[in-house]
Amino acid sequence: MNHKFLTFALSAGLLWILGCGDDEQEEASQPAPPDFYWGTATAAHQVEGFNTQNDWYLWEMIPGKIDNGDLSGAAVDHYHRFDEDFALAQQMGHNAYRFSIEWSRIEPSRDSYDPMAIAHYHEVLASLKQHGLTPFVTLHHFTNPLWILNPLRPDTDLDGWRSQDTVEEFVEFCADMAVEFGRQVDFWITINEPMVVVNGTYFQGGYPSDLEPFHLEEGRLAAFNLFKAHAAAFHRIHALDTWDADGDGRPALVSSAKHMRIMKPKNENSPWDVEGARQVDYVFNQVFFDVLHDGMVDADLDGDYDSPDTDPPEGFYPELAHTLDYIAVNYYSRDVVTGLPFIPYVKGIPEDNPDPAVEHNEMGWEIYPQGFYEVLKRLGEYGLPVIVTENGIPDIDDDQRPLFLVEHLDAMFNAMEEGVDVKGYLHWSLMDNFEWAEGFWPRFGLLAVDYDTLARTKRPSADLYSEIIQAGRVTEEVRRRVGAAAR
Ligand code: GAL
């Protein structure tokens, strides 16, 4: 007899005996375990204010680079208000917080560290501990010290991620941070979204650069340098951070946050678009794992490892393999891809889904929770623990966020019930902040920020999130309230 059928028949019978109404069905779905990480994520440059020594700070001053001519300026003054912000997170029932240490504050000029900046992040970590928030620490979240990349004076920098020197400098910085903060930190994220950095700096543009967009060769090189930097930092952090901050027997867990996007052919009947979507998915989503999980380098991104004379040489690199202790995933949306076979490497251009029939957020991105489930299932194949290190929506009036939150958490719970080992969910973001090239207008915060007074106020979704955290699950009542489909 088919064993699956036997199990199914037995459990169906058992449910029938128990009399299975709505509530019992909920009991049947597993809540998040009590040690699940629930919280939010931020990045230094977007919230701290006056990060004057990095590439973005100068970039913002070039007319036309940032919407409405916004400058990050004081941002939301998290640099001074972190303690109040953590108190709010604690009151909302969170137990984790992701933030980034700003490299340009710690090392404003090459090989010279600022003790005041180091002291500041010790205070941040002490405050997190006091508020019961487990830290997830990012060491590179888009910004570079000016001596690494200076978009206005490229003659004075190290050439950004195109150069080996940058790789070495970053790894040294990570090693020093591991020693400095290892007693307080177990979860490290070396680099946030390497492929987004590459895309913004060298492919589609929009990020600080001394080059015009579509410098694909430079971008390809930068991508492998970012991977190398991550892997070398992974090994250094493991060697140096031997303090087990949370007492679970594992002193350091190191990853790099991977932005995953669903890539859909613009026209499903066009072989060009189908091939473009496949290749963009390969380059943007897959190569990261091929390199950092499998150790395999496909330098010319053609899908095999046997091309001669590439830089770097193709093939297996033991030092790159298995350098993700957990998968840190950021998920937002689905793109549509137009195939353009003559474009080197990527063979297509992804863009926002223009289909008016799908729901879009205020930045024009498709709202696609099914994609979150698909991404988690795909990543679950690696058999590693997964932490959702970003997921959120720009929504000033909180019209779309409640349903967004519920549908994405349902997608996550569905993946978990099917065996994906998700250990935490960190919503983007705790409060409104400086959204890079878009400036201040997109509002991602559970807390709304009044940019005149910098006062923080809860949006309704903040309470909804607290309610879900407290229950450890999304209840049918919550689903009904926000208009989500029953599960
Ligand atoms: C991510 C990025 C964050 C934030 C978010 C919302 O790609 O890591 O810094 O800006 O997007 O757009």
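My notes on the ligand, the pockets and the cavities follow.

**Ground rules.** The model is predicted: local features need pLDDT of at least 70, side-chain atom pairs count only at pLDDT 80 or more, and totals for chains, interfaces and linings use all residues. Residues are numbered from 1 along each chain as its sequence is written, and side-chain values use heavy atoms, with hydrogens and water left out.

**The ligand.** I looked up its neighbours first, counting a residue as near if one of its heavy atoms lies within 4 Å. There are 13 residues around the ligand, and Q46, H141, E193, E390 and E435 come nearest. By class, I get six nonpolar, four polar and three charged residues in this shell. Ala, Val, Leu, Ile, Met, Phe, Trp, Tyr, Cys and Pro count as nonpolar, Asp, Glu, Lys and Arg as charged, and the others, Gly among them, as polar.

Next I checked polar contacts (pairs of N or O atoms within 3.5 Å). A side-chain N or O atom of E435 is 2.6 Å from a ligand oxygen. For Q46 the distance to a ligand oxygen is 2.7 Å, and for H259 it is 3.4 Å. The protein covers 96% of the 310 Å² of accessible area that the ligand has on its own (Shrake-Rupley method, 1.4 Å probe).

Where does the ligand sit? I found it in the largest pocket, with more than half of its atoms within 2 Å of the grid points. A pocket here is an open set of points on a 1 Å grid over the protein atoms alone, with protein on both sides within 12 Å along at least five of seven lines; lining residues have an atom within 4 Å of a point. The largest pocket holds about 900 Å³ of space. Its lining has 39 residues, with V196, N199, Q204, Y207 and R261 nearest the centre.

The second largest pocket has a volume of about 460 Å³. Its lining counts 24 residues, and P33, D35, D421, V422 and K423 are closest to the centre. I noted that α13 (401-417) gives the most to this lining, with three residues.

**The cavities.** A cavity is a set of grid points where a 1.4 Å probe fits but cannot get out. How many cavities of 30 Å³ or more turn up? My search of the whole structure gave six.

Terms used. Polar contact = N/O pair within 3.5 Å; in protein donor to acceptor, adjacent residues only side chain to side chain. Points joined across faces, edges and corners; volume = space filled by probe spheres on them. Helix = DSSP H or I, 4+ residues; strand = E, 2+ residues; numbered from the N terminus.
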